[in-house]
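Take a look at the chain below. This short report walks through a few of its helices and side chains.

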Amino acid sequence: AVTRAGDNVYFDAERLAEFLFGSHMMANFIVVGAAYQAGLIPLAAENIEKALELNGTAAEANIQAFRVGRQVAVDPAWADRLVTSRAAAAEPQAPVLTPSVRAMVDATGATGETRRLLEIRVPDLVAYQNEAYAKQYADFVAMVWKKERTVGADTALSAAVARYLYKLMAYKDEYEVARLALDPKLDEALVESFGVGAKMSYRLHPPVLRAMGMKKKIALGRWFRGVFRLLYGARGLRGTAFDLFGRDSIRRLERELIGEYRGLIEAAVAGLSALSFEKAVTLARAPDMIRGYEGVKKKNVERFRQTIRLIRDAAAAAQDPGRAPLVRFRG
């Protein structure tokens, strides 16, 4: 409403960065390149690239990212031709499974794409919480897989549930931030980009600080890793009466969505047929729109719930035209 719609440039910078550079860290300079090409940065391109070169930190990659952004602005369809799927581009390789996790995955009976997803997500949920939590996930996907087999060979429904139930169950709370911050791959990426011994800090702004009136992120040095280790070790408190972080409204909403989604899928597969299969797949994929943090996430949850209502209303109207929703026209 407040921009020139015809001049706007839309693209997924993070997807491009991950696909072209193997890391999301180049996304910022892809955006800078697009902004430059759109005429929003009153500098010469060679001067920007010279500044990046003089900075010396991942100079070549930053320059190439800048040029990628310029190309996207010139030819927006180029990015879509280059990368057809962000999920496929960024999909992690299946880890080596422990015997207990492998048994959990084998017990589902799933094959193909659904099994591939389980081999990645089950061990991640074990690390996220514990084996019992991961088993809840695996058992539910297995139930959908078995229902799906009754209507044909298509695995789109169980694969969608494997993706999006995981997305909801692995919501990014304070315990998960601690786990991700301790990932050795993060250290490797920092060394590769900025060299050994580079100064770094964690910028955090958890809900508990916002509740205390702090409006900006706080910077915490490497010493905070000790706190992260303690926090990750306390992940067993997640969702219990002793979870101080879980009392925040967004955390309660995230936990509600897990049960809400499971109920939605259970209802969809209860009477699954060849005719209702596509609708079930659409419902299973609906959580894809739940993105962002805090207020943004809450708005997207409302969009998700509204979408579910519309799908259900359309399905009910198709079965019984007399129940079609009333449409009123104003002059």
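A polar contact is a pair of N or O atoms within 3.5 Å. Keep that cut-off in mind for the start of helix H11. There, a side-chain oxygen of Asp173 reaches to within 3.3 Å of the backbone nitrogen of Tyr175.

## The whole chain

This is a predicted model. The chain holds 17 helices and 2 strands. It has 331 residues, and 37% of them count as buried.

## Helix H11

H11 runs over residues 174-181 and is mostly covered. Of its 8 residues, 6 are buried. Which ones are they? They are Glu174, Tyr175, Glu176, Ala178, Arg179 and Ala181.

Arg179 is found in this helix, H11. Its relative accessibility is 16%. Buried means under 20%, so Arg179 counts as buried. The side chains of Arg179 and Asp124 are joined by a polar contact of 3.2 Å. Leaving out residues up to four places away in sequence, Arg179 touches Asp124, Ala127, Tyr128 and Tyr232.

## Helices H7 and H9

Two packed helices are described by the angle between their axes and the distance between the axes. Helix H7 covers residues 99-108, and helix H9 covers residues 131-149. Their axes come within 8 Å and cross at roughly 20°. Angles under 35 degrees count as roughly parallel, so H7 and H9 are roughly parallel to each other. Their crossing is right-handed.

Which residues make the contact? H7 brings Ser100, Met104 and Thr108. H9 brings Glu131, Ala134, Lys135, Ala138, Ala142, Trp145 and Lys146. Together, the residues of this contact divide into 5 nonpolar, 2 polar and 3 charged.

An α-helix has 3.6 residues a turn, so residues three or four places apart point the same way.

## Arg115 in helix H8

Arg115 lies in helix H8, which spans residues 112-128. Is Arg115 buried or exposed? Its relative accessible area is 19%. The limit for buried is under 20%, so Arg115 is buried.

What does Arg115 meet? Leaving aside neighbours within four places in sequence, Arg115 is in contact with Arg102, Val105, Asp106 and Ala110. Arg115 and Ser158 are 43 residues apart in sequence. In space, their C-alpha atoms are 9.5 Å apart.

Note on methods. Residues are numbered from 1 along each chain as its sequence is written. This is a predicted model: local features need pLDDT of at least 70, side-chain atom pairs count only at pLDDT 80 or more; totals for chains, interfaces and linings use all residues. Side-chain values use heavy atoms; hydrogens and water are left out. Buried means under 20% relative accessible area, exposed over 50%, partly exposed in between (1.4 Å probe, protein chains only). Helices (H or I, at least four residues) and strands (E, at least two) are DSSP runs, numbered from the N terminus. A polar contact is a pair of N or O atoms within 3.5 Å; within protein, one must be able to donate a hydrogen and the other to accept it, and residues adjacent in sequence count only if both atoms are side-chain atoms. Axes are lines fitted to C-alpha atoms, for helices over the stretch in contact, and angles run from 0 to 180 degrees between N-to-C directions. Angles under 35 degrees count as roughly parallel, over 145 as roughly antiparallel, 65 to 115 as roughly perpendicular and the rest as oblique. A crossing is left-handed if the near helix is turned anticlockwise from the far one by less than a right angle, and right-handed if clockwise. Contact means heavy atoms within 4.5 Å. Ala, Val, Leu, Ile, Met, Phe, Trp, Tyr, Cys and Pro count as nonpolar, Asp, Glu, Lys and Arg as charged, and the others, Gly among them, as polar.
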